[in-house]
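User: Please walk me through this structure in short questions and answers.

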Amino acid sequence: MFGLSELAIVLLVVIAVIAVKKGPELTRTAGKSARILKAEARAAKEGGPEPQVIQGEVVRPGTGAGTEQSHGTG
């Protein structure tokens with residue numbers, strides 16, 4: 001039977017084979033994720049664009065700009 005040291009060597013070989021096949025894909029995905037996280041952190045730190053105020057237009061929270069609502073006046 002296999003001893004503990006032989007089992008560890010087989011496990012290391014299996015991990016090395018998998019790492020060779022999937023390594024570049026995993027590092028590429030990790031790099032993309034890091035760039036996205038960095039960009040989002042920078043955007044949150046700087047703050048988003050300021051809301052624009054258009055004279056004579058009222059947009060209530062929960063309604064999109066350009067949607068008509070009936071207020072019962074008519």
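**Helix and surface**

Analyst: The protein chain has 1 helix and 0 strands, where helices (H or I, at least four residues) and strands (E, at least two) are DSSP runs numbered from the N terminus. The model is predicted, so local features need pLDDT of at least 70, side-chain atom pairs count only at pLDDT 80 or more, and totals for chains, interfaces and linings use all residues. Residues are numbered from 1 along each chain as its sequence is written, and side-chain values use heavy atoms, with hydrogens and water left out.

User: Where does H1 bend, and by about how much?

Analyst: The bend at a residue is the angle between axes fitted to the seven residues ending there and the seven starting there. Pro-24 follows the bend within four residues. H1 bends at Lys-22, by about 55°.

User: Is Ile-9 buried or exposed?

Analyst: Ile-9 is found in helix H1, residues 4-46. Buried means under 20% relative accessible area, exposed over 50%, partly exposed in between (1.4 Å probe, protein chains only). Ile-9 has a relative accessible area of 55%, so Ile-9 is exposed.

User: What share of the 74 residues is buried?

Analyst: The count covers the protein chain. Buried residues make up 0%.
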